[in-house]
Amino acid sequence: VMNEEKYPWLKLPSGVDFGSASFLSSAEAETAVQEARKQLLENGAVSFPGFLTDEAVQSAVEDLRSCEYQAYTTDDVHTAYLKSVDHAKFSRDSVYNHEMKTVVASTAYDELSSDSVLRSLYHDPRLLELVSRIVDKKLYLSDDPLGCCSVNVFRPNFHHSFHFDESEFSVTLMLQPAEDPKSGLFQFTSPLRENEEDLALELTANAIHEHDPTSLNGKELCERSTKSLKNNGNLPVLHTLDFQPGTLLVLAGSKSLHRVTRIKGNRSRLVAVLTFSRNPGFCNSESVQKMFWGRSKAPCQHVVARGVGME
């Protein structure tokens, strides 16, 4: 499944098996991890093009075609912070209360075939160790039977507006881009804040005014800077990821504002979302499951209402 030819440091060293404590113990693996960690801290994202073999990508896409039509659709509005509007604390023209529309469908983990490439990848301990070492935290697989490894399905005209993730980071895998290569783009800013408590209102307002003015319908956000944004550094730079099939992405989604632009053409954009947690036994709450998959299933003992990184 993993492209060991392109990333030879993914190969298990001689004498090491899947029962070992560490699978990425070579000097090459350590160099790759350190470089990835540096990019994540500086840019807010790090990607591994061709992380999956072409054969694995093709197999995953073929598997999804049989269940893509069942994907539950979320059609709603949200703020950049994914919080309820609060007119008591913030004015009506505050970016905190600015709602934008998102339309996206999702295929749940239990809808994947039993021999799915995505199931194999998610449970490969090398992936867990790689992501844990890049984010420099002890991580665990999710126990959520719907959301541990789901697939975002962006049908024609679907899109995901600017937002910060509730989870600290997200791990996604491009399987099939939109038919129109100028659509369905994954775009993100460099990190705008250090934590969830820092709202970065001015930077967020500036980014939306500059990069998504149509969502404003002529409205002026009160936090928007009136100074020369490009000269004083208050205009967040928007990066567009070269998100080719088989690319693995680790994003600091709670720090970087990001979006998926509107899909054009006749083909759905398919991106797998792999969920990891700092705590064992993680499961999304019933409300979160229903929000993204229209149903709930087998809640775990440790229920947490955050952790899904929907891209």
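**Entry 1: ground rules and confidence**

I number residues from 1 along each chain as its sequence is written, and for side-chain values I use heavy atoms, leaving out hydrogens and water. Because the model is predicted, I ask for a pLDDT of at least 70 for local features and count side-chain atom pairs only at pLDDT 80 or more, while totals for chains, interfaces and linings use all residues.

I looked up the pLDDT (the predictor's confidence in each residue, from 0 to 100) and noted a chain mean of 90, with 91% of the residues at 70 or more. Confidence is highest in strand E11, at 98, and lowest in strand E15 (residues 302–304), at a mean of 45. Over residues 302–308 the pLDDT is below 50, and I noted 28 contacts (heavy atoms within 4.5 Å) between this stretch and residues beyond its near neighbours in sequence. For helices (H or I, at least four residues) and strands (E, at least two) I follow the DSSP runs, numbered from the N terminus.

**Entry 2**

I take two strands as paired if DSSP finds at least two bridges between them. On that basis I traced an open sheet of seven strands in the order E1-E10-E7-E12-E5-E3-E2, with antiparallel pairing. Strand E1 (45–48) and strand E2 (72–78) stand at its edges with a single partner strand each, so one side of each has no neighbour in the sheet. For angles I use axes that are lines fitted to C-alpha atoms, for helices over the stretch in contact, with values from 0 to 180 degrees between N-to-C directions; neighbouring strands of this sheet are turned by 30° against each other on average, direction ignored.

Within the sheet, E7 and strand E12 (residues 269–274) run antiparallel and are joined by five bridges, and I found Met174 opposite Val271 in E12. Helix H2 (residues 54–65) packs on this sheet, where it touches strand E3 (100–107), strand E5 (149–154), E7 and E12, and its direction makes about 85° with that of E7.

**Entry 3: the four-stranded sheet**

I then followed an open sheet of four strands, ordered E6-E11-E8-E9 and antiparallel in its pairing.

I call a residue buried under 20% relative accessible area, exposed over 50%, and partly exposed in between (1.4 Å probe, protein chains only). Strand E8 (residues 186–189) is covered on both faces, with Phe186 and Phe188 buried on one side and Gln187 and Thr189 buried on the other. Three bridges join E8 to strand E11 (residues 258–260) in the antiparallel sense, with Gln187 opposite Arg259. E8 also pairs antiparallel with strand E9 (residues 238–240) over three bridges, and there Phe188 has His239 as its bridge partner. Between E6 and E11 I noted two bridges, with His160 partnered by Val260.

**Entry 4: nonpolar cores**

I define a nonpolar core as a set of buried Ala, Val, Leu, Ile, Met, Phe, Trp, Tyr and Cys residues joined through side-chain atoms within 4.5 Å. The largest has 65 residues, and those with the most contacts inside it are Trp9, Phe51, Leu118, Leu127, Leu173, Leu175 and Leu274. Apart from this core lies another, of 17 residues, among them Tyr96, Ala200, Leu238 and Leu257.

**Entry 5: salt bridges**

My criterion for a salt bridge is a side-chain nitrogen of Lys or Arg within 4 Å of a carboxyl oxygen of Asp or Glu, and by this rule the count comes to 15. Arg133 and Glu30 form one, with their closest N and O atoms 2.3 Å apart; the pair links helix H4 (residues 125–135) to helix H1 (residues 27–43) across 103 residues of chain. Arg133 is buried at 19% relative accessible area, whereas Glu30 is partly exposed at 31%.

Arg126 and Asp124 meet in a salt bridge at 2.8 Å, N to O, and I found Arg126 buried at 7% and Asp124 buried at 12%. For Arg224 and Glu220 the N to O value is 3.1 Å, with Arg224 partly exposed at 34% and Glu220 partly exposed at 44%. I also noted a network in which salt bridges with shared partners join Asp110, Glu111, Arg295 and Lys297.
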